[in-house]
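Work through the exercises below with the sequence and the structure at hand, and try each task before reading its solution.

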Amino acid sequence: MVNKNSHIPIYVQIEEELKHKIYLGEYKVGEPIPSERNLSLYFGVSRMTVRQAITNLVSTGKLYREKGRGTYVAVPKLEQPLNGLTSFTEDMYARGLTPSTKVVKFEKQIPPFDVAQDLLLENDEEVYFMVRIRNADQKPMAIERTYIPVKVLPDLTEKLVSESLYKIVEEVYGLPIGNAIQQMEATNVAKEDRKYLHLEPNAVVLTIKRISLLKNGQPFEVVQSAYRADRYKFTTEIQR
Ligand code: 16G
């Protein structure tokens, strides 16, 4: 219950109480929480105060709003450690989820200039360009746009990349993977990605660019991906 004499703002106390109820399973994942009206009666505070608490929980991804229907408890975000060069397929299996992939584009092309530079390609060298939707337990997590030099993985096919690319690189082509450089930033979801990721306009995604190299130093992929920010959080262990 709220303590009106506390130095902790009332909306923060309500946030804590709602989080506690989610933790205890009193409010269940995918189910609605009580209406603002009922919560304001329950806590004995104004609806504005309740709304502020709910808005904060929505922005941190604990709750989500469905237009005209109410506010629901969100699925906890998937935690992804950032200390190893792992594939999407490995990451999902490590969490007990089943990965699946929909290839929406697969073609040969001359890459954009900056991609050619990242892949250390000459002007006329081609890449395979693919767009893949990556799902966990059938739900979209990310969309990936990948460029792979044709000379590094000749005869790559759409069928091969509908499963794990890293597995194919290592097991079919026999090329050991080395390291990668990755950049991450928060952006609004691109218009063309909304339908694939089932997101509303202006939803936030984690936009990641990865350049990966084989053990021998040859770059083999440039990937631009958008991960659903409401489903994913990245964790890093850092040492002093
Ligand atoms: C991850 C990588 C992506 C890589 C893919 C390979 C990030 C941000 N991206 O999704 O660069 O191409 O794994 O996964 O982690 P796969 O072997 O399952 O195809």
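A residue counts as buried when its relative accessible area is under 20%, as exposed when the value is over 50%, and as partly exposed in between. Keep in mind throughout that the model is a predicted one.

**Exercise 1**

Decide whether glutamate 36 is buried or exposed, and find which residues it touches beyond four places in sequence.

*Solution.* Begin by locating the residue: glutamate 36 belongs to helix α2, which covers residues 36-43. Next, take its relative accessible area, which is 18%, and compare it with the cut-off of 20%; because the value falls under that limit, glutamate 36 is buried. Then list its contacts, leaving out residues up to four places away in sequence, and you find Arg47, Val50, Arg51 and Ile54. Finally, look at the side chains, where glutamate 36 makes a polar contact with the side chain of arginine 51 at 3.0 Å.

**Exercise 2**

Work out how α2 and α3 are oriented to each other, roughly perpendicular or roughly parallel, and describe the residues that form their contact.

*Solution.* Helix α3 spans residues 47-59, and it packs against α2 at an angle of about 110°, with the two axes 9 Å apart. Angles of 65 to 115 degrees count as roughly perpendicular, and α2 and α3 are therefore roughly perpendicular to each other. The crossing of these two helices is right-handed. On the α2 side the contact is made by Glu36, Arg37, Leu39 and Ser40, while α3 contributes Arg47, Val50, Arg51 and Ile54. Sorted by class, this contact of α2 with α3 holds three nonpolar residues, one polar residue and four charged residues.

**Exercise 3**

Carry out the analysis for α1 and α3, asking at what angle they cross and how the residues of their contact divide by class.

*Solution.* Helix α1 runs over residues 10-24, and its axis comes within 8 Å of that of α3, the two crossing at roughly 55°. The crossing of α1 and α3 is right-handed. From α1 the residues Ile10, Tyr11, Ile14, Glu15, Leu18 and Lys19 take part, and they meet Thr49, Val50, Gln52, Ala53, Ile54, Asn56 and Leu57 of α3. The residues of this contact divide into eight nonpolar, three polar and two charged.

**Exercise 4**

*Solution.* Leucine 165 lies in helix α6, which covers residues 165-172. Setting aside neighbours within four places in sequence, leucine 165 is in contact with Met130, Arg132, Thr146, Ile148, Leu153 and Glu221. A further distance concerns threonine 89, which is 76 residues from leucine 165 in sequence but 8.8 Å from it in space, C-alpha to C-alpha.

**Exercise 5**

Determine where aspartate 137 and histidine 198 are placed, and classify the accessibility of aspartate 137 and of histidine 198.

*Solution.* Aspartate 137 sits in the loop between β5 (127-136) and β6 (139-149), and although it is not a glycine, it has a positive phi of about 45°. With a relative accessibility of 38%, aspartate 137 counts as partly exposed. Histidine 198 is placed in the loop between α7 (194-197) and β8 (204-214), and it has a positive phi of about 55° without being a glycine. Because its relative accessibility is 58%, histidine 198 counts as exposed.

Notes:
Residues are numbered from 1 along each chain as its sequence is written. This is a predicted model: local features need pLDDT of at least 70, side-chain atom pairs count only at pLDDT 80 or more; totals for chains, interfaces and linings use all residues. Side-chain values use heavy atoms; hydrogens and water are left out. Helices (H or I, at least four residues) and strands (E, at least two) are DSSP runs, numbered from the N terminus. Buried means under 20% relative accessible area, exposed over 50%, partly exposed in between (1.4 Å probe, protein chains only). A polar contact is a pair of N or O atoms within 3.5 Å; within protein, one must be able to donate a hydrogen and the other to accept it, and residues adjacent in sequence count only if both atoms are side-chain atoms. Contact means heavy atoms within 4.5 Å. Axes are lines fitted to C-alpha atoms, for helices over the stretch in contact, and angles run from 0 to 180 degrees between N-to-C directions. Angles under 35 degrees count as roughly parallel, over 145 as roughly antiparallel, 65 to 115 as roughly perpendicular and the rest as oblique. A crossing is left-handed if the near helix is turned anticlockwise from the far one by less than a right angle, and right-handed if clockwise. Ala, Val, Leu, Ile, Met, Phe, Trp, Tyr, Cys and Pro count as nonpolar, Asp, Glu, Lys and Arg as charged, and the others, Gly among them, as polar.
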